[in-house]
Structure formats: structure tokens, C-alpha cells
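Subject: Structure handover, metal site

Hello,

I am passing on the structure we discussed. Please look it over before reading my notes below it.

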Amino acid sequence: MRLHEYQAKEVFADAGIPTPEAELATSVDEVVAVAERIGYPVAVKAQVHVGGRGKAGGIKLAEDVEEAEDVAEDILGMDLKGYKVDKVLVEEAVDFVDELYVGITLDRGEGKPVAMVSTEGGVNIEEVAEENPEAIAREHIDPAFGLHAYQARKVVYDAGVPRELARDVSSVLQTLYDLWESNDASDAEINPLMVTSDDDVVAADAVLNIDEDALFRHPDLAEMEEEAAEDELEAKANEYGFDYVRLDGNVGIIGNGAGLVMTTLDLVDYYGGEPANFLDIGGGAKAERVTNALDMVFSDENVDAVVFNIFGGITRGDEVAKGINEALEQFDEIPKKVVVRLAGTNAEEGREILNDELVTVEETLEGAVQRAVEYAEEAE
Ligand code: GDP
Ligand code: MN
């Protein structure tokens, strides 16, 4: 579960990490009221689950009332990489001289948490990790002992953080580890940790992902989860009873069974495509479920082509094929190309039933995935 920035900042602030004064707003009037209370300049920040909000126009500064109104109008209601913005965080703008990165995550390879620090904080730490990995210093943590002060100082020095900041950054890092641990988090990240001209550090952004399976131990966080699940598609998936995860790519994926869907995801990646989602429609793929699944991938603006991968067990191929036909016949024009691969019980009958004016039928999974990746590239 991923918390919103404003929620993560609450948790960070409660733990003692310095955060800018801020309040959530959902209308232009509220933005102005909060800005007037906090004092200008303020930063107005879209609260949606996408990275790189700054670059995408989801974060803007306002110096006075007029600007606050303008940016609030721009950001509230905007579409940010497929997510509609309905809340913003209005925050005291930080006057910064430098941007650092600090984070705690689980290193699955080592089987240990790892603390990470970099002086190349700011917009894109993933790029830094790829192009210049030595710019991120790392220190593994023994969970039985936690992050020792000497380890925190070591990783901070290794990263090249200036001496006068080392104490404060180390302390933030230790606090971050403690809250990561006590909240059963999978990732806790501050990017940027801003440095002011007085050598103070402030968490200007906050990421906190919680292990879903541990939520029962954290009723306060579970409550936040309800608020955080504002994504329209995820809400739709809940309503339809699908297991659904939204991803960044443009190849929509529908399958029955988690393993089958995962395999399809891997193959899309293998053939050079990028999956747009994980969508498991479960057993008994009746027409209505098929229609609902197609509704989900078609209403995802990022999807350029769809691959349908069904293995018939109890679900019969001919039933699924009828469902797909029925679902697609409702459209005057099919919005995105659909490739279908049917296997298992009555697969052959199913393939015959499928209307190839509506879908592309492929016999093999590899063929279907390659075809969908091609379609997606053409449609881009
Ligand atoms: P992200 O792009 O979604 O990760 O959002 P961030 O909260 O990390 O903000 C991205 C960038 O916007 C930061 O690195 C800053 O350069 C800028 N920014 C964010 N908040 C402030 C602020 O309060 N003051 C100033 N001057 N810039 C800010
Ligand atoms: Mn950030």
C-alpha cells in the first residue's frame, strides 16, 4: 500500500522528522485559505500516486493570492499521467540551497534492510541509480539491532554529505529507519531532503509504502489506506471484484489466474513491451466479467493494445469466446486492438467462435504477446 505524500509526511512528522508546515485542500478557496494562514510563498502539490509530479506540472509555487488561485485552478482537476487530481497539499515553500536523497528499503538479495543516501537528490533518483550508481551510498542493517548511529554517520559521509549537515542527516536517517521498522514499511523515502541556507534539513517530499499483510497491526495506517485508494481504475476493480494493479506501460493485460497473468506480464516485458496493468478476472469468465475487464483496460488512457490470456479449466474456452464477442459487439468502434489466446478446455471451439473482425486470435501465448506488443508500438 502506498500512502499519499501528505499522509506519509504526517507519519514522518510524528516521528520527529522536520517537514514544512502544510495542509490539505480540495478547492480553490481552501487552497487560498491555507496559503493565507501559512504565509506566502507556498508550494501547491498534487496528491496522486505518480512520480515526477514536478516535471509533469503537478507542483507549482505561488507568491500571492492571485498566483495561489491560478495554480489551484491549474492543478485541481488536472489529469496527471492518467490520474485525476482532486486534492492538493498546500505547503510553506522551502527556500533551499541543496537537495539530498535518503531512503530505507528492503534489499531482497541480501535479505536485509538497506539505508541509502545521495547528494544527487531532487527529481529523479531512479535515473541516478541507473546511470551513476556510485552516487548512492548504501549501508545494510541488521534488523535485530536497527540502524546504529555509527552506521548512519558512515553512509552519510560515504555519500559525501558536507560535515556541517552530517549530524542532522544521520539523525533523520535513523528516525526514518525506526519508523520504517515500526510501521512494517517496505519503502520509506525522502526525495528531496532539502537543505536550507541555515544548514537545516527539511523533508520536502515523502514516500511511505506499507506491507499490506501487516496492515492489521496498524489500524491508523489502514484508515489512511481507504483515503489513499482514490484511483478511479482501482476503485472500479474493487467494485468488479478483480485483482488489479496499475502499472506504467501501454499493453493492457487480462487473464484468469494470478500465475497466468504474471507470466503474461513477464512475456510482454521479454518481447520489449511494457505492461499497463495486472488484471486477474478469476475463474468462470462469464460475459459480464469479460465486459467489465475490457471496460477497465479500455478506460485506461495509457493502454494502446490488449492481450487476453485465458486458460480454460472449469472456465470453458467457448464460454469465454462468447463473452469476448458479446463484450466487443457493444462497441461501434473498438477503441484498442485486442489479441486473444485461448488454451485448455474447449479452446479450439472457442477460437472458432471468436469473431476475427473484432479480435486477433493467436494460438500460442508467445505469438499473442508479440502481436499485442507490435500493436501497442504502432498505436503509440
Ligand atoms: P515529485 O516530483 O513527485 O517527486 O515531487 P517533489 O515533492 O519531490 O518535488 C519535485 C521538485 O519540486 C523538488 O525537487 C523541488 O525542486 C520542487 N519543489 C517542491 N517543493 C518545493 C518547495 O517547497 N519549494 C521550492 N522552491 N521547490 C519545491
Ligand atoms: Mn520527490
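What follows is a short account of one metal site and the residues around it.

The model is predicted, so please read the contacts with that in mind.

The manganese ion (ligand 2) is coordinated by Asn 191 through O and by Asp 205 through OD, at 2.2 to 2.3 Å. Asn 191 belongs to strand 10 (residues 185-196), while Asp 205 sits in the loop between strand 11 (201-203) and strand 12 (207-210), so the pair ties together parts that are 14 residues apart in sequence. The UniProt record, an unreviewed entry, places a "binding site" feature at Asn 191 and Asp 205.

Asn 191 has a relative accessible area of 10% and is therefore buried, the limit being under 20%. Its side chain reaches the backbone nitrogen of Gly 122 at 2.8 Å. Beyond its neighbours within four places in sequence, Asn 191 is in contact with Leu 100, Tyr 101, Gly 121, Gly 122, Val 123, Ile 125 and Asp 205.

Asp 205 counts as buried too, because its relative accessibility is 16%. The side chain of Asp 205 makes a polar contact with the side chain of Arg 53, at 3.2 Å. Setting aside neighbours within four places in sequence, the contacts of Asp 205 include Glu 5, Lys 9, Lys 45 and Arg 53, as well as Glu 189, Ile 190, Asn 191 and Pro 192.

In short, the manganese ion is coordinated by Asn 191 and Asp 205, and both residues are buried.

Regards

Definitions and conventions. Residues numbered from 1 in each chain as written. Chains lettered and ligands numbered in written order. Predicted model: local features only at pLDDT ≥ 70, side-chain atom pairs only at ≥ 80, totals over all residues. Heavy atoms only, no water. Donors = N, O, S within 2.8 Å, 3.2 Å for Na, K, Ca; no water. Helix = DSSP H or I, 4+ residues; strand = E, 2+ residues; numbered from the N terminus. Buried < 20%, exposed > 50% of the residue type's maximum accessible area, 1.4 Å probe, protein only. UniProt positions renumbered as here; feature names shortened; annotations may be inferred. Contact = heavy atoms within 4.5 Å. Polar contact = N/O pair within 3.5 Å; in protein donor to acceptor, adjacent residues only side chain to side chain.
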